[in-house]
Every structure is written in C-alpha cells, then in structure tokens.
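Happy to look at this one together. Let's take the labels one at a time and ask what stands behind each of them.

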Amino acid sequence: MPDKKFPFTGFSSVAIHGGHRDDPNYSHLTPIYASSTYVFDTAEQGMRRFSGEEEGYIYSRWGNPTITEAEERISALESFGIKDENGSPLNVKTILHSSGMAAISTLMIGTLKTGDKVLTHYSLYGGTQEITEKVLPGLGIEAIIIDLRDLDKAAAAMKSDSKIKMLYLETPANPTIQCVDIEQLTLLAKRNNIVVAVDNSFATPYLQQPFQYGVDYIVHSTTKFLNGHGTAIGGALVGKDVEHISGHMTKVHRLLGGNSNPFDAFLLTQGMKTLEVRMDRHCSNAMEVAAFLEQHASVSKVNYLGLTSHPDHATATKQMRHPGAMLSFEMKDGLDAAKQFIDNLRMCIRAVSLGTCDTLLSHPASMTHYGVPKEKREEYGITDGLIRMSVGIENIADILTDLQQAFGFWKIN
Ligand SMILES: Cc1ncc(COP(=O)(O)O)c(C=O)c1O
C-alpha cells in the first residue's frame, strides 16, 4: 500500500495515488460502494455522526467512500505544489457533483443572493451562458457580460458596481478558445472583495492551476479531460476556504441534491490516473492539427492558443503549461461546407463533449450554442461555419489523414 505521507514530487504520482485510502478488505482499487445508506452500531453513534462529533458516512447524497476518493484526488491535483500564505501546502476541498452544471449551480446559488451581480466573459459554455442569462435573472441576480480580456474595462466594471459579488471565468473558453488573464483579473476582483471562480475543464490542473493566482473556487465538468474516456457525466466544485466549503457550500450541495454516484466516481478516479500522459499526447496532437488547419485553403480562421496568430497566445503562454487540446476553425464557405466536412469524417467522431481519447468534432452554432440567439452567437464569434474540435490521442497521422480526406481533396480507400 502506498505510504500516505510519501512526498510525491510528480503530478502523475498524485494523479495515481492521491486521495486513496486503504480498503479494509485489501482491495487494490477502492470498490464501488453501491449503498444508499450506512449502518450505525447504536442510536448513540447515529446521533454522534449527525452532530459531527464522530466522522463517518450517513447517507450517500451526503457522502460515499468511492466519491470521497475522487474528491480527494481532484483536491490533490488542483493544489499540487501550491503553498498557502504561511508557506504550508495549500489545503482545498472538493465536492463531486452529478454534472458540471450541478457544480456550477451549487457555486452560484450558494454564493449569490437576490440583488447581487455576476461579472463574466462573453465566450462561455452554452449551458453556463444560459444559466447566467436565463436562470439567475429569475432569482434577481443579474449577469454583466463583457470582454474580460480588456482589463481596463474589467477594472471599471468591478469598481463602478458594488453589487458585483462574483467574477466567473472560463479559460480557455468554449468554443472560441479565448483566454482571460486569471492573475490580473483576480487581483482586480480581490481589490473589490469579489469572489472569483474559474471553470478549469478545458485546461485541467495539469495545464493550469488557478489557485496559484488566489482564486476562491474552481469548477470542472469532470465529464471531460479529468475522466478522459467519455464514460460518465460529472462535475466538481473545489474551494480554498475549506471551512466555508465544508460548511455552507456542502449544505447547499446536499440540499440541491446534485450529488455524484459511486459508479461514475469510480470511473473518474481510474480516468484521472492517466491525466498527465493523456494531456501530453492530446496537446502535441492539437499543435500539429492546428498547424495543418492554418495552412489549409478551405479554412479561413483557426482558434488555437498555441498559434501566435491567436490574440490570447501570450496570456495562455503565461498561465498554461501547454495551450491545450481544444481548437475551433472556420470553414471559408460557411454552414454548408461545415456540414459537409463533418459528414465526411471517417475516424474522428461527430459528437459534442470533449476531452475523450477519441477526437470529437461538433458544430457549436447548431449544437452546444443552439440556445444562444443568433445575433449574440455571431457577436461572440460563433459563426455558422465554425467547427469545434477536441483533439484526441489517436496517432496523429490518422487524425490528419481523416481531416485531409474530409476536406474532399483526396479520398482514402
Ligand atoms: C467548459 C464547460 N463547463 C461546464 C460544462 C458543463 O458540464 P456537464 O456537461 O458535465 O454538466 C461544459 C460542458 O460541455 C463545458 O464545456
């Protein structure tokens, strides 16, 4: 059994062993604890568990050993190598959710109240955008949506409106792969007592660690690169104020009921073990795909943070280990060309979502961002000819061959 006090120096060692607890039956992997409830030896013990006097599981909406392992592994990865203000290893806490959207909902509902405002960037995952523009206003919470890459504009917004209580960042952002400066925006927010949350789903803690810059929360759609195999939907809310997330946020999470389940948590825990090696391959493939697309006559624009032509290349280089595995590109001939290209694919997969071993391509305007009005979509750069690509870990030659033949210049047998 690995020694829990072992001083791991590498990210993969933490991704493999982090959060693991010895199993009472000596099982190598923490089993799928498929039990909704837990037994008390005595009524007295049940009372002690409810009052918090004694640690122990009570009911699986509140906690479950398989879920705990996934939560502790995410905490270990998001805080890996980061020190707190006293020079001690940063301590953070994760609550695993049934989906990324459930984690975002707990974050927003647990943090904001009627009259508050949330400041965010205009390029966001479609579901998050709809939550901020369609659900929060019903609760009396207004979303202010600007281009957060303009730091002067961001500073002016935060300074001029004391009702802004949360700065919500998604970087890199869906689907235009824009990138905002976490460090500078967090500095501005902290001057104005604003809570900062970052959606780190595209980057993962291997490429980017927002807690380095003093953010308060990280959210993940664990469905994506953390799971890595497309086997389960899930989400995580990770907080740096352990007392607050263990108290108030845990209460909100339990009451809203967006809990994960042991089977999905098990799949996530196994998937995270290969995060570093997967991301290295995803990223090197993405760089080659981006270079290929950039020179292609049928493509008018490639959004990939690794290209110096991307306006946010410098920000990405500053805060990310590598510019990631997500890109999008615009077909010169618009919607019909985009549809034809996607239909022509023979190995890469026509599907939404991202972060799987398989390369996935989708059409944001008609799929993930279908709910966003056309004029808004276009303003945000989500044109009808835009195709989003989550570059997988297949052999690069096969990915490029498939893309090449999908453009229709030549056919393979
Ligand atoms: C960046 C980002 N955040 C959040 C979500 C929502 O996650 P889930 O589908 O797991 O609810 C998604 C989904 O695609 C996403 O791309």
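Two strands pair if DSSP finds at least two bridges between them. Keep in mind that this is a predicted model.

Q: How do you know that strand β2 and strand β3 pair?
A: Pairing calls for at least two bridges. Strand β2 (residues 117-121) and strand β3 (residues 142-146) have 5 bridges in the parallel sense, so by that definition they pair. Within this pair, Thr120 stands opposite Ile145 in β3.

Q: How do you know whether the radius of gyration of the protein chain agrees with a compact globule?
A: For 413 residues, a compact globule would come near 22 Å; the protein chain has 22 Å, so the two agree.

Q: What makes a residue buried, and how many of the 413 residues count as such?
A: A buried residue has 20 or more other C-beta atoms within 10 Å of its own. In the protein chain, 47% of the 413 residues count as buried.

Q: Which residues come nearest to the ligand, and what makes them count as near?
A: A residue is near if its C-beta atom lies within 6 Å. Of the 15 residues around the ligand, Ser99, Gly100, Met101, Tyr125 and Ser221 come nearest. Helices α4 (100-111) and α5 each give two or more residues to this shell.

Note on methods:
Residues are numbered from 1 along each chain as its sequence is written. This is a predicted model: local features need pLDDT of at least 70, side-chain atom pairs count only at pLDDT 80 or more; totals for chains, interfaces and linings use all residues. The radius of gyration is taken over C-alpha atoms; the globule rule is 2.2 Å times the number of residues to the power 0.38. A residue is buried if 20 or more other C-beta atoms lie within 10 Å of its own, exposed if 12 or fewer, and partly exposed in between; C-beta atoms are placed from the backbone. Helices (H or I, at least four residues) and strands (E, at least two) are DSSP runs, numbered from the N terminus.
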